[in-house]
Amino acid sequence: MNTAVLPPVSELEPEVLQQIDDCVERWSDQEGNLIMILHEIQNHHGYVPRESSLLLAEKTGVPLARIYEVLTFYHYFRLVAQGKHHITVCNGTACYLKGSARLLGELESRLGIKEGETTEDRLFHLETVRCIGCCGMSPALVVDETTVGKVATTEVAGIIEKIRIQEDTHE
Amino acid sequence: MTLTTVKARINGMDIEVPEGTSILDAARSAQIKIPTLCKHPDLLPTSACGLCIVKIGGSRKMPRACATAVEDGMEITTHDPELTDVRRATLELILSNHPNACLTCGRNGSCELQTLAGEFGIRQDCIPRYVRPLEPDSSTGSIVIDFTKCIKCGRCIQICQQQQDVWALSFLERGIHTRMAPAGDILLAESPCVRCGQCSAHCPTGAIVENDETAAVWEALRDPKKYCTVQIAPAVRVALGEAFGYPPGTDLTKKIYSAMRRLGFKAVFDTNFSADLTIIEEAAEFVQRFTTGGELPLITSCCPAWVDFMEKRFSDFVPNFSSAKSPQQMLGVLAKTYFAEKSGIDPASIYQVSVMPCTAKKFEVERTDEMNASGYPDVDLCITTRELARLIKQSGVAFTELPDGEADSILGTYSGAGLIFGATGGVMEAALRTAYFRITGKNLEQDAINIRAIRGMDGIRGASLDIEGTEVRVAVAHGLGHVERLMLEIRRARENGAPPPYHFIEVMACPGGCIGGGGQPYSVTNELRALRTKGLFDGDGEMKLRFSHENPEIAKLYVEFLGEPLGDKAHNLLHVHYTPRPAYQR
């Protein structure tokens with residue numbers, strides 16, 4: 001479970017409010033509307049903020065308990081904002097044999113999070129996939145949109161540091 | 001209408017049952033018990049536990065008896081060596097995800113899983129144990145959830161969502177990761193939970209139990225600086241006996257008084273006394289509103305789970321709520337004022353324990369600052385009927401052999417009207433007996449004292465009563481799931497500017513009222529509720545004193561101490577305010 005802190009309600013509220021109003025309006029007379037509305041919320045924010053679910057419960061009369069039953073039943077829905085930068089470790093057969101587990105372990109210990117989690121500063125999100133189809137480059141990582149091949153464990157620190165430096169200069 | 005029946009054979013016996021009867025129930029009617037951990041007589045089948053499997057004809061399938069209806073000509077086998085094997089394997093699977101902690105569990109000796117493990121002779125862990133590490137939730141102070149002991153039967157969730165309409169509990173995630181949790185993964189105290197405790201009364205294991213405070217009672221009793229007093233709620237006396245082998249509904253009031261003295265309580269009071277007092281204040285409030293065009297309907301407020309539910313869900317009814325405190329709180333405040341004064345005891349030394357059929361009463365004790373109207377906590381500690389049974393057993397008192405005892409005078413005498421407070425419709429009936437007197441100046445005739453129109457077990461019961469040519473419309477609801485319909489009906493009339501459909505409404509959160517409370521002995525069914533209810537109403541019928549306003553101790557209390565009903569002193573000590581509250585704290 002991710003520990004990232006939700007943005008404060010005051011930041012989200014006007015926008016969320018408007019969006020929920022629009023969604024509820026649009027889907028109000030259609031059966032199964034809850035899932036469609038949740039999809040729209042996630043498409044908009046990248047996840048389903050708790051504030052949205054609370055508002056949705058109020059607007060539709062669907063109890064929050066039911067909304068969370070649905071949200072946690074489907075793996076598709078995310079309850080916390082993902083990190084800005086995605087690092088995906090390929091865990092396909094070839095990458096696995098070439099030591100992807102070591103890469104994942106190194107990433108987990110350097111970022112202080114587990115697979116599927118986001119760092120507290122919400123800079124990094126770490127996940128694994130079965131195969132990205134780049135077996136010739138194994139073991140491979142996908143860092144944001146870029147595939148990095150034949151990664152040695154010792155290179156992991158540099159990959160993280162590079163993104164951190166980029167972010168610092170942007171600020 | 002003729003009932004269609006179906007004929008079938010169970011274990012070679014011919015049976016005939018109404019169409020639609022489940023195999024589980026049909027077997028039970030033929031004196032066959034099929035084990036189950038998820039199906040409860042109060043609930044719909046969910047097929048969650050997989051223990052009630054049976055065989056039908058020559059089919060190799062093993063359908064679940066709870067969710068399969070008997071059909072004409074079925075040849076049903078409920079027990080054979082293979083079914084027993086499969087059931088044992090299922091139990092072993094459940095046990096492999098369950099902590100091996102029976103000795104320190106709140107359900108040790110009353111756990112349905114433990115019982116079945118014993119009956120099936122499981123003597124070793126056949127499957128390596130994996131228990132998902134999850135932190136317990138004791139945030140409410142009323143009930144404690146140990147998520148690791150949850151077997152995902154879904155009883156609590158069905159109770160909380162469908163029967164009680166509270167929606168505090170739900171299943172999260174799926175498959176092997178499924179877990180029961182408060183709505184949206186927050187603490188129970190931050191959720192819409194109203195602490196009714198019905199989840200704890202239906203949980204087959206120790207996953208949801210009342211917050212056991214028996215140790216705190218012993219600590220208080222052992223403290224020489226404390227003057228310990230106790231009060232017993234109406235519904236406790238007709239249910240406690242179940243823990244000591246008495247038939248359900250046996251009224252054990254006098255034995256309980258004796259037990260309390262043996263435990264070391266210096267004064268023994270009866271909540272029935274303050275139920276009479278609540279009626280005086282509430283009936284005065286009703287008559288005042290009814291005759292002077294006040295806000296109607298008046299809605300009863302002696303059920304703390306209902307109060308919490310109203311404040312969270314129907315807060316537009318705040319002006320309709322009776323401001324009279326519940327009997328528990330009224331007795332508490334009088335023990336520390338009136339009783340303390342008359343007996344010359346320092347109220348600071350009085351330690352008031354209440355025994356309630358209810359987990360929400362633990363919460364009521366500190367619901368608002370008004371619960372300290374005496375200058376001290378009106379009630380210091382609230383324990384449930386189940387805890388009282390434990391306390392008596394710990395004390396070594398041979399309960400069944402005890403002689404009868406008496407309550408203490410000045411806060412112990414009660415009328416039949418106070419006694420029936422513990423059952424659905426009882427508060428209304430008691431209030432109407434006194435309201436009738438206040439409006440007409442005379443009592444109901446002997447055969448009209450029993451207001452049968454509002455007795456019974458239907459979820460909502462309405463009646464129109466004639467009080468000397470004036471119509472009084474009343475309604476009674478029990479089980480929070482029945483409340484919304486009633487509230488919407490009133491809200492609709494109000495919005496349309498129509499007269500209120502009812503003048504007076506009683507709500508009790510638990511099915512059957514307090515006799516079916518979340519803190520009462522386990523294994524409740526409608527049959528059991530009916531027996532406990534009968535215990536109270538029979539007791540009322542046998543009493544000479546049937547009217548709260550004729551309780552001599554109540555009359556004395558007003559003369560010596562309180563002044564007038566709804567007067568200044570009564571207002572300060574015996575009345576409260578309500579306020580809208582958010583259902584979700586985050």
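Where in chain B does B:Pro297 lie? I began with this residue in the predicted model, and I found B:Pro297 in the loop between H8 and E11 of chain B. Most peptide bonds are trans, which is my reason for noting the exception here.

In chain A I looked up another cis peptide bond, the one joining A:Ser138 and A:Pro139, where omega is about -5°. A:Pro139 has its place in the loop between strand E2 (124-129) and strand E3 (141-143) of chain A.

**Entry: positive phi values**

I went on to the phi angles, bearing in mind that most residues other than glycine have a negative phi. B:Asn11, which is not a glycine, has a positive phi near 50°, and I located B:Asn11 in the loop between strand E1 (5-10) and strand E2 (13-18) of chain B. Because B:Asn11 has 15 C-beta neighbours inside 10 Å, I recorded it as partly exposed. B:Asp185, also a residue other than glycine, has a positive phi near 65°, and its place is in the loop between strand E7 (179-182) and H5 of chain B. With 17 other C-beta atoms within 10 Å, B:Asp185 is partly exposed.

For chain A I noted seven helices and four strands, which follow the pattern α-α-α-α-β-α-α-β-β-β-α along the sequence. Of its 171 residues, 29% count as buried. Among the contacts in chain A between residues at least 6 apart in sequence, 63% join residues at least 24 apart.

I then turned to the contact between the chains, which takes 10 residues from chain A and 12 residues from chain B. On the side of chain A that touches chain B, helix H3 (50-60) and helix H4 (64-73) of chain A are the elements that give two or more residues, and H4(A) supplies the largest share, six residues. By class, I found six nonpolar, two polar and two charged residues on this side of chain A.

**Entry: domains of chain B**

The domain assignment divides chain B into domain 1 (5-79), domain 2 (92-210) and domain 3 (215-574). Taken over C-alpha atoms, the centres of domain 2 and domain 3 of chain B are separated by 31 Å, and 19 residues of domain 2 of chain B are in contact with 24 residues of domain 3 of chain B. On the side of domain 2 that touches domain 3, helix H4 (155-163) and helix H5 (198-202) of chain B each supply at least two residues; H5(B) gives the most, with three residues. I sorted this side of domain 2 by class and noted six nonpolar, 10 polar and three charged residues.

**Entry: two sheets of chain B**

One open sheet has four strands in the order E10-E9-E12-E13 (chain B), with parallel pairing. Its edge strands are strand E10 (267-270) and strand E13 (381-384) of chain B, and neighbouring strands are turned by 25° against each other on average, direction ignored. Between strand E9 (residues 227-232) and strand E12 (residues 350-356) of chain B, which run parallel, I found six bridges; B:Val230 has B:Val353 as its bridge partner in E12(B). Helix H8 (residues 271-292) of chain B lies across E9 and E10 of chain B, at about 45° to E10(B).

The other open sheet has the order E11-E16-E15-E14 (chain B), with mixed pairing. Strand E11 (298-299) and strand E14 (460-467) of chain B each have a single partner strand, so one side of each is left without a neighbour in the sheet. Strand E15 (residues 470-478) and strand E16 (residues 504-508) of chain B pair in the parallel sense over five bridges, and the partner of B:Val476 in E16(B) is B:Glu506. Helix H15 (residues 483-495) of chain B packs on this sheet, touching E14, E15 and E16 of chain B, and its direction makes about 145° with that of E15(B).

**Entry: helix H14 of chain B**

How many of the 15 residues of H14(B) are buried? I noted 11, so recorded for H14(B) under the cut-off of 20 or more other C-beta atoms within 10 Å; among them are B:Met428, B:Leu432 and B:Tyr436. What covers the buried residues includes H8, helix H13 (416-419), E14, E15, E16 and helix H16 (526-542) of chain B. At 1.5 Å a residue, helix H14 (residues 426-440) of chain B should span 21 Å, and its end C-alpha atoms are 21 Å apart, which agrees. Just after H14(B), B:Gly441 takes a positive phi of about 80°.

Notes:
Residues are numbered from 1 along each chain as its sequence is written. Chains are lettered from A and ligands numbered from 1 in the order in which they are written. This is a predicted model: local features need pLDDT of at least 70, side-chain atom pairs count only at pLDDT 80 or more; totals for chains, interfaces and linings use all residues. Two residues are in contact if their C-beta atoms, placed from the backbone, lie within 7 Å. Ala, Val, Leu, Ile, Met, Phe, Trp, Tyr, Cys and Pro count as nonpolar, Asp, Glu, Lys and Arg as charged, and the others, Gly among them, as polar. Domain bounds come from an automatic or database domain assignment. Two strands pair if DSSP finds at least two bridges between them. Axes are lines fitted to C-alpha atoms, for helices over the stretch in contact, and angles run from 0 to 180 degrees between N-to-C directions. A residue is buried if 20 or more other C-beta atoms lie within 10 Å of its own, exposed if 12 or fewer, and partly exposed in between; C-beta atoms are placed from the backbone. The expected span of a helix is 1.5 Å times one less than its number of residues.
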